[in-house]
Amino acid sequence: MTLKVRKILVSQPRPAIIEKSPLHELALKYGVTLDYVPLIKVAGVTAKDFRSQRIDILSHTAVIFTSRTIVDSFFHICEESRITVPETMKYICTTEAIALYLQKYIVYRKRKISFADGSFNGLIELIVKHKEEKFLLGLSEPHKPELPETLERLKINFDRAILARTVAADTQGVNLSEYDMLLLYSPWDIKAIGQRLDPEHMPALATFGNGTLKAAIEAGLTVMAGAPMPGIPSMVKAVDLYLDNLAKGRPQQPVALVEDGKTEEFIRNQQNKLARKSKPKTAAAEDNKQ
């Protein structure tokens, strides 16, 4: 593995204002070159592909959006299929940015648009808050199984719909072996580099997210920087620590996969909360007497 990092590939779109990017500041600090090269792209499915899933949009009272691409695909399918989404439809979004993006298609009203803080737990809590709805969960294919599996465990009434597909981006003009470090943000980034590079000649890898780290380790790859982790909330912090240690000649150990027990505890707490809410009042009253 290379002992110096001069050139880094970031598998994300180039920021609109590069000077305001935390990674740009990191590049200046260590004198490295950054290239933004998305290795994958997400494209909405056609109305024909959606119809093959046999999903009735109008039988649902709320839609869960996890990305802008999913939002675009949903409303494109509705338009092409001549489906008029009722004013009563509610929208659950992972972030405020996605919620605001809905203004492209509908009039923004807080009573029907809710958003979480971008975290998995925040989204689950928001969905549980609206547990009486029948949800349509918009997903890309492939997708991480955590969200639909958790909704099933919580017995939330929902249907999953594939509204987009992740495919490889056109990177034929990019020589990945020229880079000393790759910053990867999804399991499909791991798959993309695995098709292009020999594991024995792989640049140093930094990954974001437990799923990305797990995919890399399962592919037999060594990850030298990872986030989020205790004390390392972001990719910028993870790479900063790695480059700092490298510059000072400190020994570095590969990142190990640690199972998140807090997520399992959170899900159990949500299950208990739903069980208490669904308990008949008479039964609850009897419990209080005892």
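**From a charged pair to the strands around it**

Mentor: Start with Glu 178, which is partly exposed at 44% relative accessibility. The cut-offs are these: buried is under 20% relative accessible area, exposed is over 50%, and partly exposed is in between, with a 1.4 Å probe and protein chains only. Bear in mind that this is a predicted model, in which local features need pLDDT of at least 70 and side-chain atom pairs count only at pLDDT 80 or more, while totals for chains, interfaces and linings use all residues. Residues are numbered from 1 along each chain as its sequence is written, and side-chain values use heavy atoms, without hydrogens and water.

Now find the partner. Glu 178 makes a salt bridge with Lys 7, and their closest N and O atoms are 3.3 Å apart. Glu 178 sits in the loop between S8 and S9, and Lys 7 in strand S1 (residues 7-10), so the pair ties together parts 171 residues apart in sequence. A salt bridge here is a side-chain nitrogen of Lys or Arg within 4 Å of a carboxyl oxygen of Asp or Glu. Strands (E, at least two residues) and helices (H or I, at least four) are DSSP runs, numbered from the N terminus. Lys 7 is partly exposed too, at 24% relative accessibility. Asp 35 joins in: Lys 7, Asp 35 and Glu 178 are linked in a network of salt bridges.

Follow the chain on to S9. Strand S9 (residues 181-184) pairs with S10 in the parallel sense, over 4 bridges. To pair, two strands need at least two bridges found by DSSP. Leu 183 has Ala 206 of S10 as its bridge partner. Between S9 and S10 the chain passes through helix H7 (residues 187-194), and this β-α-β crossover is right-handed. Picture the strands pointing away from you: right-handed means that the path from the first strand over the helix to the second runs clockwise.

S10 itself (residues 204-208) is mostly covered, with 4 of its 5 residues buried. Its next link is to strand S11 (residues 223-227): the two run parallel and are joined by 4 bridges. Phe 208 stands opposite Ala 227 of S11.

Look at what follows S11. The peptide bond from Ala 227 to Pro 228 is cis, with omega near -10 degrees. Pro 228 is in the loop between S11 and helix H9 (235-247). With a relative accessible area of 48%, Pro 228 is partly exposed. Leaving aside neighbours within four places in sequence, Pro 228 is in contact (heavy atoms within 4.5 Å) with Phe 208, Gly 209 and Pro 233. There is another cis peptide bond, between Glu 141 and Pro 142, where omega is about 0 degrees. Pro 142 lies in the loop between strand S7 (135-141) and helix H6 (146-153).

S7 and S8 (158-168) run parallel and are joined by 7 bridges. Gly 138 stands opposite Ala 161 of S8. Strand S3 (residues 40-44) pairs with S8 in the antiparallel sense over 5 bridges. There, Ala 43 stands opposite Arg 165.

After H6 comes Lys 155, with a positive phi near 60 degrees. Lys 155 is exposed, at 75% relative accessibility.

Finish with charge. The structure holds 11 salt bridges. One of them joins the side chains of Lys 90 and Glu 133, at 3.0 Å from N to O. This pair links distant parts of the chain, 43 residues apart: Lys 90 is in strand S5, Glu 133 in the loop between H5 and S7. Lys 90 is partly exposed, with a relative accessible area of 26%. Glu 133 is buried, at 15%.
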